[in-house]
Every structure is written in C-alpha cells, then in structure tokens.
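Visitor: I have a model open and a few things to ask about it. Could you walk me through it?

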Amino acid sequence: MKKLKYSIVLSLIILLSLFSFGHLSYAKNIDSGYKSEKLTKQEKNFLKEVTGHTDEEINQLPLEVAKQLVKDGALIQDSNSQLVSFEGENNTQGDVTTMSTISPTTMKLAGTVYKVISDRTNDDKFYIYGNFQWLKSPFYTLVDKMTFGFPSSSGLYLPTSSGSITQHQHRYSQDPQGNGNWVDYAIDYSPSDWEPSAGVAGEFDLRASTDFTLHKGYMGQYVYVPKVNNGTINIKIEYGHKLYSGSPTVSVYPAGLAITPTSSVDTASYALTLTY
C-alpha cells in the first residue's frame with residue numbers, strides 16, 4: 001500500500017512539473033510589457049494634430065508603434081484601408097472580392113507611410129506600416145505573410161547591420177474567444193523574407209483555438225532614400241493567406257517584393273503613394 005501511495009504522489013509531482021514547464025514555455029511567447037502603459041494626452045494630441053491621424057486610428061495603433069511615431073516626429077504621407085472577403089477553399093487564384101460588392105465579413109487591411117526624422121544626414125527616412133484583422137475566424141489557421149514592395153528604381157533602401165535587415169518589426173495577436181481580450185505575442189524584429197531595395201515580408205502563425213478565435217497583426221519597416229533622389233512611387237502592401245498547408249512564398253517583381261500567386265493562396269493588396 002505504501003508503494004502504491006508513493007507511486008501516486010510521484011506521478012502527481014511529475015504531472016505538475018510538466019504543466020508548469022509548459023505554462024512557462026508558453027508565457028515566453030507572450031509579450032505583456034506594454035499592458036500597463038497608455039498614451040499620454042500630449043502623445044495623442046501629437047498623433048492627431050501633427051501626424052494627421054483620427055481618434056479612431058490612434059486607438060487602433062499598437063501602443064509601441066504609436067509611441068515610436070511620436071518620437072520619430074512622424075507625418076502621414078499616404079494612408080489606405082479596405083475590407084476584403086476571402087472566398088475560402090472554393091476560390092480560384094487571387095480571387096478576392098472587395099467590400100464594395102459584398103458585406104464586410106472576412107478581413108480588414110490598412111496601411112500608412114510616414115515621413116520621419118532622419119538619423120542620416122544625406123538621406124530622408126520613411127516608415128511603412130501595415131496591419132490586418134480577421135473579422136471572423138478563418139477555416140484554415142496556417143502561416144500567413146504580409147509584404148511591403150517597392151520598385152528598385154526608386155532609390156529606397158533597407159537599413160542593415162552585420163548582414164541583417166534592421167529597423168523592422170512585426171507582431172501577431174490572438175483573441176481566443178472573440179470577445180475583445182487580445183493576447184499579444186512577442187515582437188519579431190527580423191523579416192521572414194527581404195530583397196535589396198525591393199521590400200520585406202513578415203510571417204504570422206495563426207494559432208488555432210476555438211471557432212470564435214480572431215487574429216490580427218502588423219508589420220513596420222523603416223526605409224531610407226538619398227536626398228538627391230526625388231520622385232513619386234507606389235508602395236504595395238499585400239497579404240497572403242495559405243489554403244490547405246504550408247505558407248505563402250514571395251517573389252520579386254518590377255514593382256517589388258510580393259506574394260507569389262498560386263492556386264492555393266488567397267491574396268489581398270493595395271497601394272500607397274510616396275512622394276520624396
């Protein structure tokens with residue numbers, strides 16, 4: 001009987017240890033560093049009166065992005081948003097319907113390009129920001145991607161250090177019950193893909209939970225352009241949602257980095273205009 005009791009106690013200890021280890025491992029992926037912070041009245045006023053955001057847009061900005069925009073002295077150059085509907089597993093390649101013809105039931109995409117204070121004497125500096133939010137839980141929760149693409153002829157270039165792209169960030173967040181309680185996962189400071197003077201991409205691992213689970217994320221990238229360059233270009237922001245398995249891939253086109261079109265990838269994109 002003593003041996004049996006000892007075995008039961010030992011089993012419980014092992015189970016509790018495994019649970020605690022799993023819980024700690026899970027917690028490492030969650031970033032709650034900004035939960036207790038808020039924008040000050042002065043920061044909100046700057047984003048509205050100087051940067052050019054509306055109150056609604058300010059409330060939707062991730063806190064770390066909003067605060068950085070204030071530090072950067074950011075000014076909106078162009079901004080765009082749209083509602084799109086992914087048709088699901090029966091769609092054909094690139095089959096995306098805009099919300100002008102169908103009710104907004106799937107996803108909201110938005111993006112902005114800002115001019116910011118440059119830390120390089122001979123270069124102007126810009127910040128490209130894009131975000132997405134699923135308005136209903138997608139049937140497939142795989143690894144999606146977002147890309148920023150711009151033509152290499154523009155003269156825009158990506159900052160680097162030790163062979164890696166810098167001044168980048170992308171973050172995924174999940175609302176497990178679809179009730180407004182978002183879980184923010186750790187920021188990734190490296191792009192999943194990049195191409196010199198053509199753009200960057202970020203990966204977003206949509207985590208399955210319940211039938212009510214919602215997903216959102218954002219990506220930001222700083223770029224520079226020599227002050228001797230001038231012109232007007234389009235920046236293409238694109239989102240790719242993989243069906244069935246795997247993850248979308250990216251390719252380089254004359255217009256810059258973008259999602260590679262295939263029959264198993266839904267895409268949605270829009271353009272921002274930058275004059276420099």
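Visitor: Which helices and strands each supply at least two residues of the lining of the largest pocket?

Guide: First, this is a predicted model, where local features need pLDDT of at least 70, side-chain atom pairs count only at 80 or more, and totals for chains, interfaces and linings use all residues. Numbering starts from 1 along each chain as written, and side-chain values use heavy atoms, without hydrogens or water. Helices (DSSP H or I, at least four residues) and strands (E, at least two) are numbered from the N terminus. The suppliers are helix 3 (55–60), helix 4 (63–72), strand 1 (75–86), strand 3 (107–116), strand 4 (123–134), strand 8 (168–175) and strand 12 (214–226).

Visitor: At what angle do the axes of helix 2 and helix 4 cross?

Guide: Axes are lines fitted to C-alpha atoms, for helices over the stretch in contact (heavy atoms within 4.5 Å), with angles from 0 to 180 degrees between N-to-C directions. Helix 2 (residues 41–51) and helix 4 are roughly perpendicular, because 65 to 115 degrees counts as that. Their axes come within 10 Å and cross at roughly 75°.

Visitor: Which residues of helix 2 and helix 4 make the contact?

Guide: From helix 4 come Ala 66, Lys 67, Leu 69 and Val 70. Helix 2 brings Glu 43, Phe 46 and Leu 47.

Visitor: What pLDDT does the protein chain average?

Guide: pLDDT is the predictor's confidence in each residue, from 0 to 100. Here 80% of the residues score at least 70, though residues 1–28 are below 50. The chain average is 83.

Technical notes:
Angles under 35 degrees count as roughly parallel, over 145 as roughly antiparallel, 65 to 115 as roughly perpendicular and the rest as oblique.
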